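Thank you all for coming.

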Amino acid sequence: MEEHQEHSLGGRVFQKIRTDILKGRYKESDELRENAIGKELGVSRTPVREALRQLELEGLVTIVPNRGAYVTGISHKDVWDIYVIRSFLEGLCARWAAEHITDEQLEGLEEILLLSEFQINRESGFNTDQVTALDGRFHAALYEASGSRMLSRVLTDFHNYVQVARKTSFVSEERARRSIREHRQILRAIRDRDAETAEQLANEHIMHVMQNLKKQGY
């Protein structure tokens with residue numbers, strides 16, 4: 001029981017540090033001090049050390065013997081590589097969703113889109129954080145609808161890796177509106193069980209995100 005709790009604690013510490021790196025709280029080359037992190041999270045150095053080793057395996061941290069752990073993070077090249085790969089995998093995901101989606105999953109995607117459209121049309125102006133979060137929910141629901149646990153896991157990781165870039169993409173209200181319209185088109189193709197069109201639209205959606213990031217100077 002104690003071993004399981006320790007493993008769970010290490011997992012929680014791993015997720016917290018990972019999220020902080022991906023959200024940009026820690027910058028490239030920042031040192032991750034075990035004592036400081038442990039104190040902040042209220043844990044001993046053991047789960048922090050375990051988390052840092054896991055993060056090194058994931059490529060987000062570099063551990064230098066007798067010196068410490070340093071943030072590697074996600075470079076701009078990594079971001080572009082991820083988006084190129086996603087442009088293919090998101091298309092495959094949409095294709096499989098068109099073939100396997102349930103009525104309940106369709107309703108869930110529709111609800112997320114309605115909330116997105118409500119947020120973007122608010123008279124007080126749209127909230128970037130809320131629109132970005134709803135974008136994430138749409139993609140997460142789409143991954144689940146693909147019916148593939150493996151594809152969902154890979155795409156979820158990629159989605160998490162580019163959190164900073166995703167937020168940059170929604171700085172422009174015009175792009176945010178266009179993204180929601182593209183989601184609407186993808187959902188329509190999926191609802192019609194048109195796998196080929198759903199795949200094409202999903203591929204194009206990611207390419208449009210990349211074009212917008214380039215405009216933003218990312």
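I will start with the cores and then turn to the salt bridges.

Please keep in mind throughout that this is a predicted model. The largest nonpolar core in it has 30 residues, and those with the most contacts inside this core are Leu109, Leu142 and Ile190. Six helices each supply at least two residues of the core, namely α4 (76-100), α5 (103-120), α6 (128-145), α7 (149-161), α9 (173-191) and α10 (195-215). Which of them gives the largest share? That is α6, from which seven residues come.

Let me stay with Leu109 for a moment. If we leave aside residues up to four places away in sequence, Leu109 touches Ile101, Phe138, Ala141, Leu142 and Leu187. Apart from this core lies another one, of 27 residues, which includes Phe14, Tyr83, Ile206 and Leu213.

Now to the charges. In general, side chains of opposite charge can pair when their charged atoms come close. A search of the whole structure finds 16 salt bridges, and I will go through a few of them.

Is Arg184 buried or exposed here? Its relative accessible area is 18%, and because the limit for buried is under 20%, Arg184 counts as buried.

Glu110 also forms a salt bridge with Arg191, where the closest N and O atoms are 3.3 Å apart. Arg191 again lies in helix α9 and Glu110 in helix α5, so this pair ties together parts that are 81 residues apart in sequence. Arg191, at 40% relative accessibility, counts as partly exposed.

A further salt bridge stays inside one helix: the side chains of Glu182 and Arg178 meet at 3.2 Å, N to O, and both residues lie in helix α9, four residues apart, which is about one turn of the helix.

Conventions: Residues numbered from 1 in each chain as written. Predicted model: local features only at pLDDT ≥ 70, side-chain atom pairs only at ≥ 80, totals over all residues. Heavy atoms only, no water. Core = buried A, V, L, I, M, F, W, Y, C linked by side-chain atoms within 4.5 Å. Buried < 20%, exposed > 50% of the residue type's maximum accessible area, 1.4 Å probe, protein only. Contact = heavy atoms within 4.5 Å. Salt bridge = Lys/Arg side-chain N within 4 Å of Asp/Glu carboxyl O.
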